[in-house]
Amino acid sequence: MGWGNIYRRRMKVFTVALIIYLDYKALQQREKWSSKSKRSALWERAHERNAKRLLNLIVELEGLWVKLGQYLSTRADVLPEAYINLLKQLQDSLPPRPLKEICRTIEKELGKSVGDLFSSFVDTPLATASIAQVHCATLRSGQDVVVKIQHEGIKAIILEDLKNAKSIVDWIAWAEPQYDFNPMIDEWCKEAPKELDFNIEAENTRKVSSNLGCKNKNNVMSENQVDVLIPEVIQSTEKVLILEYMDGIRLNDSESLKAFGIDKQKLVEEITRAYAHQIYIDGFFNGDPHPGNFLVSKEPPHRPILLDFGLTKSLSSSMKQALAKMFLASAEGDHVALLSALSEMGLRLRLDLPDQAMEVTTVFFRSSTPASEALENMKALSEHRTKNMKIIQEKMKLNKKEVKRFNPVDAFPGDIVIFTRVLNLLRGLSSIMDVRIIYLDIMRPFAESVLQGYINKGPAVNSQWVCDTPVHSDVETKLRRFLVELGNDDKILGIQVCAYKDGEVIIDTAAGMLGRYDPRPVQPDSLFPVFSVTKGITAGMIHWLVDKGKLKLGENIANIWPEFGSNRKEVIKVHHVLTHTSGLHNALADLPRENPLLICDWDECLHRIAMSVPENEPGREQLYHYLSFGWLCGGIIEHASGKKFQEVLEEAFIHPLQIEGELYIGIPPGVESRLATLTVDTDDVRKLSLYSNRPDLPSGFTSNISELVTVLPALFNTLNVRRAIIPAANGHCSARALARYYATLADGGILPPPHSSSSKPLLGSHPHMPSFPSQKTSKKQKGNKIKNVAAAPDKVNTHKQKHTDDICCSIKGRSDNRCGFSHDSGGSSSSSESTISNNGNTVGSTENGDDSPQNDTKIFSNPRIHDALLGLGEYENYGFPSGQFGLGFKVYRSKDGSLSGFGHSGMGGSTGYCDINNKFSIAVTVNKMSLGAVTGKIIQFVCSELNLHVPADYARFSESENPEEQSNVWRPLIN
C-alpha cells in the first residue's frame, strides 16, 4: 500500500468520524429547543443518516472496519435499530474479490492450479468477509470442502487500520474522557494480526474441536458436555485454508430456520454453553462469535456449527479461576469475592467502590434481552453510568469537568478485553435471534466446575492443605494430624486454631481454603466472620468501661442513655443486659424479615432498641439476646464513654493487645483480600429442625433457626454487612488475635508476652486502618489536576453527614465512623493511658472507686475481674443464679458441674474459650458453618492432650455409645 493510499484512507476515516461526532453534538444542542414530541424523530433521523455514513465508509475501505461493523451489527441490545438494520449486511455479503485473484493466491500457496487440486470449484463465493473469501469445492478424492482464501494485500490494510483505529480511540478519549476504549483497542492490536495466518487458525480449529469433543460424540451427554459441530481441517497454508463442508442454515435466514422447525432459544443456549465451556473449562476460546460465524445443521437435532477460529484467546489457570470467581461472586452478590477476583485478574481500582464494581459486574452478566427492548436497555445503562459517576464525583470531591476525566480503573488486563467482547457478541446474538438468555443459569455450572477442578477439597490430594508455619508444641503436631483427618472427612473448608498456655503460644495453625469459590489457602492472619463470638468482645468492652470508672454494673441504663428509659425500660440495668435477662430478647427480631440491610444502620438500630418494649420484667428469665445484645451494649458503650464504638474497641483491646489488623467489628476498606467466605454444612442444617424448641433461646430465634442458618451466610458475605458495626454478630478476626484476647482474660487482664515471632506475618504487623492505593492522575489529563485525590479516602469517612441519611454505610460513607474507619480518629490515641489522661478522667479507677496507677501490662486493674466476668463472689447479685451466662460470657462447666472456664461461641462453630484455673485459652475460627461438632472435637482433643478439664458443652461431641449422650451430640453451639 503506497503512502498516497494510506493518507487518503486515513483522511476518509477521520473525516467520517468527525462528521458523525459533530452531527450528534449539534443534535444535543438542538433538542434543547425542540418539543418533546419531536425529539424522538430527530434522533431517529440522525441515527439513519449516520448509520449510512458508517456503512458506506466500511464497504469502501473494507479491512478491519468490516470487523468493527460486524461487531456493531450484533449489538441490537444497545444500538439503535437503524445501525443494526444497515450493518447486519456486513456479516457475510461484502462485494466479492475477482476470481483471478482467488486462483492466483491458491496456486501461489498450494503450488498447484485450481484445476489440479479440485475436481470442481464454484466460482461464486459462499461469503466474502473482511479478511477472506470462501468458495465451495470438491477435492479429487470426491470430498466436498470449503476453501477460505485471504484477500491480496489485506495484511498491510489491517495493520494500517489498526493504527487509524487507535488514533480515533485516543481522540475520543480526549474529547469525551468517559468513553476511553484504549484497553480494548490495545488488546485488539495485539490479537488481530494473528488472524492473518491461516495455519494458526487451522491449529485453533483443531484445538477447540478436540476440547469440545466434536469428533467423539456419544449418546450419553455428561453434565458439561456441549452438542456442537466444527468442520474438520483438511489442509492449510498462511493464506489458504481448506475445511470439511457442512451444509447448514445461516442464523439470519429466518424463513429457513422456521421451515426446519429450529428452536432458536435452544440453539442460542447451546452456543452459549459452548462458549462457557471454552472459557471456563478449556481456557481457550473463539473471540469472534458474530452471527456470520455460525450455521445450524439441517439434519436433526439441528446442532450449531461453529466457524472461523482466527481470533482466539488463551487463558492461564489463574485467570480462568479469577474469571470464574468473578462470575460466581456476581451471581452470589459477594462483594468480597468480587474484589478478590478483580485483584487476582489484575484489574486495579483507584478508589474504594465495591458497590459500583458489583453493579457493573451484575450488569455485565445480566440476562440478554430481545432487540425490541434495546431502547430501554440503553436508557438503563445510561442511568447506571450517570449514578455511578455521581457517586465518584461525591467521593472524590470533583467538579463536572474533573469527573469526566477521572478514570476509576488503574489497570485493565488485556485478557478481560476479549472475554468482554465475547459476552457482548453473545448478548447481541441473542437479541438478533429475539430470545432471552439467562447467563447466570447457563454459565454457572461451567464456572463452578473450573473452581472445583482447581480446588483440592481436602488434605488427601493437597500436601499444602495445612499452612506451612512453625510448630510450637507436640500438641500442635498431633492437632495438625487430627485436622487432616477431619479435612479428609470433608468436615473442614477453612480453619484456624490458636491456643495459649501460661501466657505462651502452644498452637497457631491454619488450614484449608478461604471459601467455597476461593481456593486460596487460609493463613494465620486471615480474617474469619465469627458471628456471636463478637458478643464476648463487646461484653469485655463494657467491663473495661466499668474498670475505668465510666460505668457501673448496677446502674440504670436510662441514667446514661435517656432515650432508653421509655416503654417500661427505666429499671433495666447494665447487668441485666450482660446476663441476657433484660426482657428484650426478641427486640429487633423482625428486622431481618423487614429489611435485612437495616442491620447496617447503627442509628436506626439504636433508635429501635431505645423504643422497644420488654416482654417481661428484668432479671426474671435468662433468654439469649441473639441480636439485641450487641446494640444494647453498643448504646451503653457510646453513651458511657462519650466516644465512638470503634474508638473504645481500639483503646481497650486492639492497641494494648497488639492485635492491629486482625480483630474488627465492622471491617475497614483494604482488608478484603484476607477475608474468609462463609458456606454452610448442608448435612448439619438438615438436623437443625430437631432442636428448634430450646427453652434457653427466644421464640424469635427458634421459630426460624433453619432459615437463619441458610440465609445468614449469604447476607454476612456481602461487603455492606461486613463493613457495618453489628456488635452482636459481625466480628472478623484471626484465631490468634481472639486467643490472645482470651489469654489476657484468663490471666486476670495481664497481657501475655508478644505473640510468637515464628508466626508469619507477625501478629499486629498489619495497619489497623489500611490506606487505599494513591490515585494517580492520568497523563492524558493534560494538566487538569484532580483535587484532593490522594486524601479522598480520609475525607469519605470524615465528611459530615446527617445520621438519617446513612442507611447502607458502605454505599454513602459515614461521618460518625459507623462503617469502615476514619483515618482521623478525632482524638483517640494509640494507648489507653494517653487517651484517658487527655480527657481528664481518673486513670485506673474501678467500680468501687479504687484508684491505682495505670499499668501497661494489664487491661483490667480490678483484682476480682474474673468474679466480675462470671457474676460470682461480690458480683453474685448481678448474675443470674445457675444461668448459662455470667456477665456477658457463656459459663462452661465440666461434667461434674465444676466451673471450667468461660467464653463465647458463634453460629456456625467459631469459638473463643479460656480456662482461668490453668491459664489456658483457645480460639477456633471456621468458615464452613456447622452445629459445632468440629470445634467441639478440636477443643476436646487439645484439652485432653493437656490433661485439662473438658467443658461439658464440648465433651458431648465425643464418640459415645450412650443413647442419651448421643441424642445431645447435635445440640448446636449457638451461644
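Trainee: How many helices and strands does the secondary structure of the protein chain come to?
Mentor: We are looking at a predicted model, and its protein chain has 975 residues, of which 58% count as buried. When the secondary structure of that chain is counted, the totals are 38 helices and 25 strands.

Trainee: Which residues have the most contacts inside the largest nonpolar core?
Mentor: This core has 100 residues, and its largest share, nine residues, comes from α31. Inside the largest core, the residues with the most contacts are L551, L578, W631, F653, F716, Y741 and F902.

Trainee: Which residues does L551 touch, not counting those up to four places away in sequence?
Mentor: L551 is among the residues with the most contacts inside the largest nonpolar core. Once residues up to four places away in sequence are set aside, L551 touches I542, L545, V546, I560, V574, I636 and A640.

Trainee: Is the aromatic pair of Y24 and W43 stacked or edge-to-face?
Mentor: A pair of aromatic rings is described by the distance of the centres and the angle of the planes. There are 18 aromatic pairs in the count, and in the one formed by Y24 and W43 the rings are 5.9 Å apart centre to centre, with 15° between the planes. Planes under 30 degrees apart meet the cut-off, so the pair of Y24 and W43 is stacked.

Trainee: Which helices does the pair of Y24 and W43 tie together?
Mentor: Y24 counts as buried at 18% relative accessibility, whereas W43, at 22%, counts as partly exposed. The two residues are 19 apart in sequence and lie in separate elements, so the pair ties together helix α1 (residues 3-30) and helix α2 (residues 36-61).

Trainee: Over the ring of which residue does the charged end of K207 sit?
Mentor: There are two such arrangements to look at, and in one of them the charged end of K569 sits over the ring of F564, 5.1 Å from its centre. In the other, the charged end of K207 is 4.3 Å from the centre of a ring, and that ring belongs to F284.

Trainee: In what sense do β9 and β10 pair?
Mentor: Strand β9 also pairs with β7 (residues 248-250), in the antiparallel sense and over three bridges, and there the bridge partner of R250 is L295. Between β9 and β10, V296 has P304 as its bridge partner, and the two strands form a hairpin with six residues between them. Over three bridges, the sense in which β9 and β10 pair is antiparallel.

Trainee: Which residue is joined to P301 by a cis peptide bond?
Mentor: P301 lies in the loop between β9 (294-297) and β10 (304-306). Another cis peptide bond joins K760 and P761, with omega about -5°, in the loop between α31 (735-746) and α32 (792-798), where P761 is found. For the bond you ask about, omega is about 10°, and the residue joined to P301 is P300.

Trainee: Is D308, with its positive phi, buried or exposed?
Mentor: D308 lies in the loop between β10 and β11 (312-314), and its phi is about 60° although it is not a glycine. Its relative accessibility is 18%, and the cut-off is under 20%, so D308 counts as buried.

Notes:
Residues numbered from 1 in each chain as written. Predicted model: local features only at pLDDT ≥ 70, side-chain atom pairs only at ≥ 80, totals over all residues. Heavy atoms only, no water. Helix = DSSP H or I, 4+ residues; strand = E, 2+ residues; numbered from the N terminus. Buried < 20%, exposed > 50% of the residue type's maximum accessible area, 1.4 Å probe, protein only. Phe/Tyr/Trp six-rings, centres within 6.5 Å; stacked < 30°, edge-to-face > 60°. Lys NZ or Arg CZ within 6 Å of the ring centre and 35° of its normal. Core = buried A, V, L, I, M, F, W, Y, C linked by side-chain atoms within 4.5 Å. Contact = heavy atoms within 4.5 Å. Pairing = 2+ DSSP bridges.
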